[in-house]
Amino acid sequence: MTPSATASSILNDRSPPAKPKLLDRVRWYLRVKHYSIRTEESYVDWIRRFIVFHRKRHPDQMGEQEIADFLSHLANERHVSASTQNQAFSALFFLYQQVLERKLEFIAGVERVTRPARMPVVLTKEEVRAVLKQMSGELRLMAELLYGSGLRLMECVRLRVKDVDFGYTQIMVRDGKGLKDRVTVLPRALREPLRVHLEQVRLLHRQDLARGGGQVYLPFALSRKYPNAKRAWSWQYVFPAAKLSVDPRSQEVRRHHVQEKNLQNAVKMAVRKAGVTKPASCHTLRHSFATHLLENGSDIRTVQELLGHKDVSTTMIYTHVLKKPGIGVRSPLD
């Protein structure tokens, strides 16, 4: 099957176009390389902005100078953050290197946005307890996992049933940042609440199956390799959405995971109700996890593994609170 035909089938076109449009080609390459739907949407949007900025010229007619002009525009006139400018550059780099198959030379004259060095916001143990006390139900359980296991926001909402190991009291994080797997601690204090929660989720899944549904999204090509896995209990999300939704790529009706915005809003409200004046967020709970482990004497290399940091230098940012060495690992929630 040709790339054009494959791309059109992925995009659910009734008949494959003779010459796929540029953005359709971008989507196809992103999906072949297993980029997430959010990255796909972001990259396509940046490429579209790049084209519009240059008065709808085709990228084939442009090159390094036009990329430099666009990135400088983002810095000087749009006043974007360093991470936003880097994301725009990554999208254009992907376009030229992967889609248009053009090797970019050194891009000079770009006004780069500098990333200021900032210390992470960390809550004390008392502040964490005060924040969690303002939450309840499923959202509190999710927030407790962010703090008790050091999960990132999306790692928490994408957690699958099969990745929770009650026997070894651990959580397997699949396809985390950088598409890396890692193991982190499952707080003993959450074992029973999580069991009760999963019983309720399993009842919901059985209801979906009885209605002819029960499907869940499977990464990569697993849905073709294991056709029945998408309805298996082990692959279901630990925190499923309340309503069914239509997959934007396959158009299949599925029960996706809960929206991350729900947890973000709940944590923000809990911080305000708890009277905490720090600019805390979901990620602050992960920062607090690492800091409190170091305070309790955990070895920094072990904390690095639990957090999934590629280099220990990233974990070193928490050592401003390091008071004593140690090797034992115990969740700060316990």
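Is D208 buried or exposed? D208 counts as buried, at 6% relative accessibility. This is a predicted model. A search of the whole structure finds eight aromatic pairs, and the structure holds 17 salt bridges. The points below take the charged pairs, then the aromatic rings, then the places where a charge meets a ring.

**D208 and R255**

- The side chains of D208 and R255 meet in a salt bridge, with 2.6 Å from N to O.
- D208 lies in helix α9, residues 191-210, and R255 lies in the loop between β5 (253-254) and α11, so the pair ties together parts that are 47 residues apart in sequence.
- R255 is buried, with a relative accessible area of 9%.
- D208 counts as buried because its relative accessibility is 6%, and the cut-off for buried is under 20%.

**E260 and R38**

- A salt bridge joins the side chains of E260 and R38, at 2.8 Å from N to O.
- E260 belongs to helix α11 (residues 260-273) and R38 to helix α3 (residues 37-53), so this pair ties together parts that are 222 residues apart in sequence.
- E260 is buried, at 13% relative accessible area.
- R38 is partly exposed, with a relative accessible area of 32%.

**R31 and E40**

- R31 and E40 meet through their side chains in a salt bridge of 2.6 Å, N to O.
- R31 counts as buried, at 13% relative accessibility.
- E40 also counts as buried, at 4% relative accessibility.

**A salt-bridge network**

- K162, D163, R174 and D181 are linked in a network of salt bridges.
- K162 has a ring contact too: K162 lies over the face of W235, at 4.5 Å from the ring centre.

**Aromatic rings**

- The search of the whole structure gives eight aromatic pairs.
- One of them is W28 with Y29, an edge-to-face pair with 4.8 Å centre to centre and 85° between the planes.
- The pair counts as edge-to-face because the angle between its planes is 85°, and the cut-off for that class is over 60 degrees.
- W28 is buried, with a relative accessible area of 13%.
- W46, F50, F53 and F70 form one aromatic cluster.

**Charge over a ring in the cluster**

How values were computed: Residues are numbered from 1 along each chain as its sequence is written. This is a predicted model: local features need pLDDT of at least 70, side-chain atom pairs count only at pLDDT 80 or more; totals for chains, interfaces and linings use all residues. Side-chain values use heavy atoms; hydrogens and water are left out. Rings of Phe, Tyr and Trp (its six-membered ring) pair if their centres lie within 6.5 Å; planes under 30 degrees apart count as stacked, over 60 as edge-to-face and the rest as tilted. Buried means under 20% relative accessible area, exposed over 50%, partly exposed in between (1.4 Å probe, protein chains only). A charge sits over a ring if NZ of Lys or CZ of Arg is within 6 Å of the ring centre and within 35 degrees of the ring normal. A salt bridge is a side-chain nitrogen of Lys or Arg within 4 Å of a carboxyl oxygen of Asp or Glu. Helices (H or I, at least four residues) and strands (E, at least two) are DSSP runs, numbered from the N terminus.
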